[in-house]
Structures are given as C-alpha cells and as structure tokens.
Amino acid sequence: MTFEVPAAEYAKLRPQLPRFCGCDTCRGDVLVFALNRLAPSYVSTPQGEVLVELRLDSDQEKAKLDVALLEGFRKVGLAPRCGANPVQLM
C-alpha cells in the first residue's frame, strides 16, 4: 500500500476526532500503526500501479484501511508519545 492513500484517509478521519492530538508525532504513529497492519502492495510497472490503485479504491479495502486507522487513533490517543494528555476516543 502506498503511503499517500492512508495519509489521505487519515486527513478525512482526523476532523471526526477533535480530542485527538494530531501533532506530527501522533499523526506518524497512527499511520505507521495502520500500515503495519495492512498488506503491502509492491509494483514495478505503471500497469501494476494502476491495478493496485483500483484495488485500493474498493469498498472492502477502504474499510480495512479505516479500521486500521481508527484502531491507531485509539491506541495512540491512549498513550501519545508527544506528551499530550491521553484521551479515550472510543
């Protein structure tokens, strides 16, 4: 999975969690958490990239990404490394 897709989805979900810190450290921690729980997609040709992008646009793949990101928000919110106060988001 490319980094741009989870980063864009993070940006969509973040406003729904106003109590979440959202600093660069917390943002990075959520993205790393999610990426480590999703299947990687490696490609070496433009055609392969198109196929991966089509797969990532499916509702099922988006749901997997959202679940991983929301779990990341929850975990990072409970123990932010930046020094922010922990928050119970869900």
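A salt bridge here is a side-chain nitrogen of Lys or Arg within 4 Å of a carboxyl oxygen of Asp or Glu. By that rule, this model has 6 of them.

Before we look around, a word on the source. The model is predicted, so local features need pLDDT of at least 70 and side-chain atom pairs count only at pLDDT 80 or more, while totals for chains, interfaces and linings use all residues. Residues are numbered from 1 along each chain as its sequence is written, and side-chain values use heavy atoms, with hydrogens and water left out.

**Salt bridges**

| Pair | Distance |
|---|---|
| E9 and K62 | 3.1 Å |
| D29 and R81 | 2.8 Å |
| E71 and R74 | 2.8 Å |

(Helices are DSSP runs of H or I, at least four residues, numbered from the N terminus.) E9 is buried at 7% relative accessible area, whereas K62 is partly exposed at 35%. Buried means under 20% relative accessible area, exposed over 50%, and partly exposed in between, using a 1.4 Å probe and protein chains only.

E9 and K62 also belong to a network of salt bridges with K12 and D66. D66, in helix α4, is buried, with 14% relative accessibility. It touches E9 and L13, not counting residues up to four places away in sequence; contact means heavy atoms within 4.5 Å.

**The core**

Which residues touch the most other members of the largest nonpolar core? Out of its 17 residues, they are Y10, F20, V30, L69 and F73. Such a core is a set of buried Ala, Val, Leu, Ile, Met, Phe, Trp, Tyr and Cys residues joined through side-chain atoms within 4.5 Å. Helices α1 (4-13), α2 (24-35) and α4 (59-78) each supply at least two residues, and α4 gives the largest share, with 5.

**Two sides of α3**

In α3, G48, V52 and L56 are buried. They are on the same side of the helix because they cover an arc of only 75° around its axis, judged by the directions from the helix axis to the C-beta atoms. The buried residues of α3 pack against α1 and α4. The face turned away from that buried side carries the exposed residues P46, Q47, L51 and L54.
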